[in-house]
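My notes follow in the order I took them.

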Amino acid sequence: MITVTLACCLAIVSVISIFVGVIDLDIPSLLSGDMEQLEILLISRLPRLLAILCTGVGMSVAGLIMQQLCMNKFVSPTTGATISSAQFGILLALLFMPSSTIWGRAAFAFVTATLGTWIFVWFIQRIQFKDTVMVPLVGIMFGNVINGITNYFAYKYEMTQALSTWLVGHFSMVLRGRYELVYLVVPLVILAFAFANHFNIVGMGKDFSKNLGVHYNFVLFMGLTIAALITASVVVVVGSISYIGLIVPNLVAMFKGDKIRGTLVDTALFGALFVLVCDVIGRVVIAPYELPIELIVGILGSLLFIGLLIYRLNHGRKAVQLSGMRRRDAVNGEARR
């Protein structure tokens, strides 16, 4: 029921998104073959919509994978230093290959995002007494260190303005021919779905994984690599967008539980819907001007995050049942049966 509702809402908002912008589109002109209207649709509106959907799906799934593998609900590409590492890779590409294409910059971002995520997990695996807050706190501090290094080199080599494009996420520059890299999210999400059961087992711990014959280290680093590649591909095309990988999986888990295969589709749909709604809001609030989606996601994400914390404090790890059904406990053990 939840999946169908999310899919229908996403389809409706997607249609609305196509017709929101500085230049008005209307269905009769499109059907009559108006070339100007068709060019706007094919060159700008549809590419933007596809980029938004891929971004929402990718960042949400990346956050879900990282939370499952790190066994912590507050780990995400933002709190796991993945986004910061991808931005550092883009800076390296601008310094050493200033004339590189978007694929060249993506190659640097892929490498640094993957290494940064691996190093973060290596850190938290060596923390003997780690609680819910300690793990993301380590990731935030590590990400700030990477941001500091990035800003230092950007100021030293006068690359601050060039790097600023990737520091704040926005879709205003998404046009046909400049966004196709984000399509890489699709096979990576499919791969994540194929290995969802393995991620679920690894999320239960190293000893449990060995008892079930699952190679813990291989699945762990494969999952982290998938999350890092998804994040890097989004950052290269759109820029930094926080909160999505943190908020969306937690909200879906409140209704669907923690089993990754059971929540993966809903997480992807809700992530795409959340980003699309934020983008539409950013386009209409001060039209004809446009607010960066990072700003809208930050505001809504902060409010949702505060609400999530309050709910967790009052109810613990309980799942909310819709359609008048009673609440049931959704502790990790029950959700993984």
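Predicted model: local features only at pLDDT ≥ 70, side-chain atom pairs only at ≥ 80, totals over all residues.

Entry 1. Leaving out residues up to four places away in sequence, I found Phe274 touching Ile244, Val248, Val297, Leu300, Gly301 and Leu304. I placed Phe274 in helix 13, residues 260-284. Is Phe274 buried or exposed? I noted a relative accessibility of 9%, so Phe274 counts as buried, the cut-off being under 20%. I also checked Phe274 against Ser60: the two are 214 residues apart in sequence, and their C-alpha atoms are 9.9 Å apart in space.

Entry 2. I turned to the nonpolar cores. The largest has 92 residues, and within it Phe171 and Phe199 touch the most other members. Helix 3 (residues 35-70) gives this core its largest share, 15 residues.

Entry 3. I looked up how helix 3 packs on helix 11 (residues 216-237): the angle is about 150° and the axes are 9 Å apart. Helix 3 is therefore roughly antiparallel to helix 11, as the angle needed is over 145 degrees. I recorded the crossing as left-handed. On the helix 3 side, the contact includes Thr55, Gly58 and Met59; on the helix 11 side, Val219, Leu220 and Gly223 are among the residues involved. I sorted the contact residues into 12 nonpolar, 4 polar and no charged.

Methods: Residues numbered from 1 in each chain as written. Heavy atoms only, no water. Core = buried A, V, L, I, M, F, W, Y, C linked by side-chain atoms within 4.5 Å. Buried < 20%, exposed > 50% of the residue type's maximum accessible area, 1.4 Å probe, protein only. Helix = DSSP H or I, 4+ residues; strand = E, 2+ residues; numbered from the N terminus. Axes fitted to C-alpha atoms, helices over the stretch in contact; angles between N-to-C directions. Parallel < 35°, antiparallel > 145°, perpendicular 65-115°, else oblique. Left-handed = near helix turned anticlockwise from the far one by under 90°. Contact = heavy atoms within 4.5 Å. Nonpolar A, V, L, I, M, F, W, Y, C, P; charged D, E, K, R; others polar.
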